[in-house]
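Me: Please take me through this structure by question and answer. I would like the sheets, the helix pairs and the ligand surroundings.

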Amino acid sequence: MKVLKFGGTSLGSHKAISNALSILLNRINKEEKIIVVVSAFSGITDQLIALSDSNQSKRSQEILQSIKSRHVEIINHFFNKTEQQSVLQQFYDLYNELIRALQLISQNREEPNKNQDYISGFGERFSAQIITSLLESNNINALYTDTRNLIKTNDDFGFAKVEKKISYQNISDYYQKNSDSIIVATGFIASTIDGIPTTLGRGGSDYTASLFAAAISAEALEIWTDVDGLMTADPDKVNSAVTLDHISYKNAEGFSKYGAKVIYPPTIVPAMKYDIPIYIKNTFKPELNGTLIHNKPIDSSNTIFGISSIQNVNLITVRPDNIEYLSEILPNLLCKEDLEAKILECKTDEKTVKIVFSTPNISESLLIIERAIQDLFGKQMPNYEISKNLSMITLIGNLADKSEAKNLITEINSIYDGAVKSTIYSEELETISIFTENTDENRIVNHLHELFITKEMTVNT
Ligand code: ADP
Ligand code: ASP
Ligand code: MG
């Protein structure tokens, strides 16, 4: 059994949908057992989020019109006249539920994140219905599957935490019961135990697919997208980026945690736990091998084989006098999960605790952290500084050796002189992150890529 996930980019146009369909039919004709997980058609989730935030009826009408015509146009293109009626009917049933849901939330704006999760999940429901019908029209016994009934989470709306045990059980039971059908599941969406809709975070369909793969001990997880695989850097930022043949789970986690959108960070964990290989493949070039993510380290003599970057992160550097604070108290206080700030990284070195976070509501998060520091130190506030809107550029590689990593940091500091504001070394993921002004990001990412990858590259090619 393999789980195949198609992202929004693989479902964004007629060409993309045709390609996704022929990849599926090809597998089914070869009698491969597959489960399909789909994202919303590209751009639809953004529109739904805008809808749930909007009070302006004129703007909402425009967005609704655009969502409707996009889906209706796809249905008209892919189905013949006889099929169209029932597929359109299904679409309109769901579309009318969306209209009713919008009316409902306009009367209760107290829980915007809860409302947003309900509304933003319609994209996957629309697309999964259409892809199911498309398989049916090709004589495949396909089964539309609303994952809100299977994947259970807490109520952290927008970024809900999955209750793995019960979700795995639900998925596995459902799969056993429906083993004769091709399951076509909605990515991204889930619900609380009480059935309130939640989402797994932006880009979360990859994670849905990984949960399915883990629950049924799949042979492989395939993430179908719009690039040739996991590349040495974001191809939108670095022209000379090349595709990696294979990479370890740990390195892939480094790539995604620090900015490579091609795979959503939590995706790695379930697959890694059950040793399920992940393939990143290009929907537009299915003949290519793509990238294999598995439990073997990269067989390369060079140290660095990838760069990720994230813009607009905020860095807090705390410098306490009391060294004890460093080892335990501060990390426990500031790095705890329930801190409302979205913490990307929290690291202690000999002299400082560095906390990196990226959240839309920056001032609120800063306040929470400042308060936490004040609560702990009272009048004796430790020295701390806040740097806003930096770029976090991360090198991924064979960096298990701490002293080698330190030497590399010294080298990088000397190359870029004052442009590097701070650095963090992560022993767990074997990465080095450097912080620069946003305006320096592009230049430094490209230069580092040239220096450490293009010139040195012998990586598994
Ligand atoms: P999907 O809609 O299929 O989920 P995403 O847009 O979420 O696709 O992810 C694919 C995008 O990730 C690519 O188009 C590329 O711009 C971006 N990306 C960022 N870093 C990398 C990287 N290191 N390798 C490949 N793609 C990357
Ligand atoms: N459709 C969702 C999003 O745009 C989930 C995904 O694409 O993986 O974030
Ligand atoms: Mg994605």
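**Strands, helices and ligand shells**

Reply: This is a predicted model. Strand β12 (residues 304–319) and strand β14 (residues 353–357) run antiparallel and are joined by five bridges. Within this pair, valine 318 stands opposite valine 353 in β14.

Me: Which strands are at the edges of the six-stranded open sheet?

Reply: The order of the sheet is β13-β14-β12-β15-β17-β16, with antiparallel pairing. On average, neighbouring strands are turned by 30° against each other, direction ignored. Pairing on one side only marks the edge strands, which are β13 (343–348) and β16 (422–426).

Me: Which strands does helix α9 touch where it packs on that sheet?

Reply: Helix α9 covers residues 249–257. The direction of α9 makes about 135° with that of β15. The strands touched by α9 are β12, β15 (383–397) and β17 (431–437).

Me: At about what angle to β12 does helix α14 run?

Reply: Helix α14 is formed by residues 438–454. It lies across β12, β15 and β17. Its angle to β12 is about 140°.

Me: In the open sheet of three strands, which strands have a single partner?

Reply: The strand order is β4-β6-β7, and the pairing is mixed. The strands at the edges have one side without a neighbour in the sheet, because each has a single partner strand: these are β4 (152–153) and β7 (197–199).

Me: Which residue in β7 is the bridge partner of serine 191?

Reply: Strand β6 (residues 189–192) runs antiparallel to β7, and three bridges join them. The bridge partner of serine 191 in β7 is proline 197.

Me: Are α3 and α6 roughly parallel or antiparallel to each other?

Reply: The axes of helix α3 (residues 57–78) and helix α6 (residues 122–136) come within 11 Å and cross at roughly 5°. An angle under 35 degrees counts as roughly parallel. The two helices, α3 and α6, are therefore roughly parallel.

Me: How do the residues in the contact of α3 with α6 divide by class?

Reply: From α3, the contact has His71, Ile74, Ile75 and Phe78. These meet Phe126, Ile130 and Leu134 in α6. The division is six nonpolar, one polar and no charged.

Me: Is α4 roughly parallel or antiparallel to α5?

Reply: Helix α4 (residues 81–106) and helix α5 (residues 112–120) have axes that come within 10 Å and cross at roughly 175°. An angle over 145 degrees counts as roughly antiparallel. So α4 is, relative to α5, roughly antiparallel.

Me: How many residues in the contact of α4 with α5 are nonpolar?

Reply: The contact is made by Ala101, Leu102 and Ile105 of α4, with Asn115, Tyr118 and Ile119 of α5. One residue is polar and no residue is charged. The nonpolar count is five.

Me: Which residues come nearest to ligand 1?

Reply: There are 19 residues around ligand 1. By class, this shell has eight nonpolar, seven polar and four charged residues. Those that come nearest are Gly7, Thr225, Met231, Asp234 and Val262.

Me: How many residues in the shell around ligand 2 are polar?

Reply: The residues around ligand 2 include Gly7, Gly8, Ser39, Thr45, Arg202 and Ser205. The shell has two nonpolar residues and one charged residue. The polar residues number nine.

Me: How far apart do the C-alpha centres of domain 1 and domain 2 lie?

Reply: The domain assignment gives domain 1 as 2–226 and domain 2 as 304–454. The distance between their C-alpha centres is 36 Å.

Note on methods: Residues are numbered from 1 along each chain as its sequence is written. Chains are lettered from A and ligands numbered from 1 in the order in which they are written. This is a predicted model: local features need pLDDT of at least 70, side-chain atom pairs count only at pLDDT 80 or more; totals for chains, interfaces and linings use all residues. A residue is near a molecule or strand if its C-beta atom, placed from the backbone, lies within 6 Å of it. Ala, Val, Leu, Ile, Met, Phe, Trp, Tyr, Cys and Pro count as nonpolar, Asp, Glu, Lys and Arg as charged, and the others, Gly among them, as polar. Domain bounds come from an automatic or database domain assignment. Axes are lines fitted to C-alpha atoms, for helices over the stretch in contact, and angles run from 0 to 180 degrees between N-to-C directions. Helices (H or I, at least four residues) and strands (E, at least two) are DSSP runs, numbered from the N terminus. Angles under 35 degrees count as roughly parallel, over 145 as roughly antiparallel, 65 to 115 as roughly perpendicular and the rest as oblique. Two residues are in contact if their C-beta atoms, placed from the backbone, lie within 7 Å. Two strands pair if DSSP finds at least two bridges between them.
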